[in-house]
Amino acid sequence: MRLSSLADYAVVMMTAAARHCGGAGRLNATLLAEETGVPLPTAQKLVSRLAAAGLIESARGTGGGFRLSRPPAAISLADVVEAVEGPIALTTCIETGHHDCAIEGNCRVKPHLKAVNEAVRGALAGVTLASLATAAPAPREEVMA
């Protein structure tokens with residue numbers, strides 16, 4: 001399983017926003033794009049999706065911008081991924097409704113996939129923006145002279 005680029009960028013942007021949490025004023029997509037390296041059009045698209053999901057609050061006009069809608073400790077990776085990708089589902093048969101799976105009627109794995117999916121979602125739900133924002137940066141490789 002791999003996160004899409006959009007979900008990955010959303011996590012990076014939300015983590016950067018969490019580092020600014022408690023600071024004066026609001027953030028904007030331009031600032032986060034510059035800080036994170038996420039392309040500005042992508043950052044703007046993500047701000048819209050994250051606001052629609054209720055993870056950030058935005059305001060227009062003078063003094064406008066956005067801020068996290070909850071403390072960083074109350075926003076999980078699962079929240080961010082679901083805001084961009086929709087519900088976490090490792091396979092389509094976990095979702096309700098009809099699926100175009102040739103083996104669905106005889107699949108012996110399907111009854112177990114709900115537990116696997118819940119474990120993955122639980123792992124993502126156990127990581128908060130606060131923990132990501134305060135994590136030590138990865139050590140840089142030293143160049144041998």
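The expected span of a helix is 1.5 Å times one less than its number of residues. Keep that in mind for helix α1 in this predicted model: its 16 residues, 5–20, reach 23 Å from first C-alpha to last, close to the 22 Å expected.

**Helix α1 and its cover**
- Quite a list of α1 residues is buried: A7, A10, V11, M13, M14, T15, A16, A17 and A18.

**T15, in α1**
- T15 sits in helix α1 and has a relative accessible area of 8%. Buried means under 20%, so T15 counts as buried.
- Setting aside neighbours within four places in sequence, T15 is in contact with L129, L132 and A133.

**N117, in α5**
- Now over to helix α5, residues 110–125, where N117 lies.
- N117 has 7% relative accessibility, so N117 counts as buried too.
- Where does the side chain of N117 reach? It gets to the backbone nitrogen of L90, at 2.8 Å.
- L90 also turns up among the residues N117 touches, along with I88, A89 and I94, once residues up to four places away in sequence are left out.

How values were computed. Residues are numbered from 1 along each chain as its sequence is written. This is a predicted model: local features need pLDDT of at least 70, side-chain atom pairs count only at pLDDT 80 or more; totals for chains, interfaces and linings use all residues. Side-chain values use heavy atoms; hydrogens and water are left out. Helices (H or I, at least four residues) and strands (E, at least two) are DSSP runs, numbered from the N terminus. Buried means under 20% relative accessible area, exposed over 50%, partly exposed in between (1.4 Å probe, protein chains only). Contact means heavy atoms within 4.5 Å. A polar contact is a pair of N or O atoms within 3.5 Å; within protein, one must be able to donate a hydrogen and the other to accept it, and residues adjacent in sequence count only if both atoms are side-chain atoms.
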